[in-house]
Amino acid sequence: MNGAEGNGTGVNGEDGGRLVPGAQVTVRLVKAPRPDKSYPAAVVGDDGTRIVVRAPWAGGTARDFGFVRFEPGDVFTEHFWRDRWYAVKEVRAADGTLKGWYCDVTRPARVTEEDGGTLVVADLDLDLWRSADGRLVLRLDEDEFAASGLAGRDPEAAARAEAALDELERLARHDGFAALTG
């Protein structure tokens, strides 16, 4: 019997807090000072460093960003790391067509046993979009990041966040997401 079966959660307590494939988990994006966002997801895998979950678009209604439209039926395969300052989310339409990748700059992910298993990720406001064809790579929300005051409160975290966005852009421009998320 694994730890997940023994403690009634999707967290395998005998394996360093790894999430069990097939289990349900809550993803909680800490958006301080704004309210956190939480949504259910299915665990695809957890190798102890990278956690992969799959979830439907959690927005409820369609949201048009100008460069992509997220809508009910879209499916996100989300890759989070315990040792990296970002998350990469593959976005597919309901019919399976790849729309692209939406990336969040975050603090490294952590797993808690609250609510039967929660994947907690602190969002640091910086984002990146890469279209499916690779022609469009956009750095997003740099103004929100500057306004957040993180550079003054935690200069080291701010520097890591900016370096993570630079790394994501480099990966996006050179087809690096396939190797990163494969």
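The residues that line the largest pocket divide into 11 nonpolar, 2 polar and 12 charged, where Asp, Glu, Lys and Arg count as charged, Ala, Val, Leu, Ile, Met, Phe, Trp, Tyr, Cys and Pro as nonpolar, and the others as polar. This is a predicted model, in which local features need pLDDT of at least 70 and side-chain atom pairs count only at pLDDT 80 or more, while totals for linings use all residues. Residues are numbered from 1 along each chain, and side-chain values use heavy atoms, without hydrogens and water.

Within strand 10 (residues 98-106), go to Lys 99. Is Lys 99 buried or exposed? Lys 99 is buried, with a relative accessible area of 17%, because buried means under 20% relative accessible area, with exposed being over 50% and a 1.4 Å probe used on protein chains only.

With Lys 99 still selected, show the backbone oxygen of Arg 69, which lies 2.6 Å from a polar atom of the Lys 99 side chain. Finally, display Ser 131, whose C-alpha atom is separated by 6.3 Å from that of Lys 99, although the two residues are 32 residues apart along the chain.

Terms used. Helix = DSSP H or I, 4+ residues; strand = E, 2+ residues; numbered from the N terminus. Polar contact = N/O pair within 3.5 Å; in protein donor to acceptor, adjacent residues only side chain to side chain.
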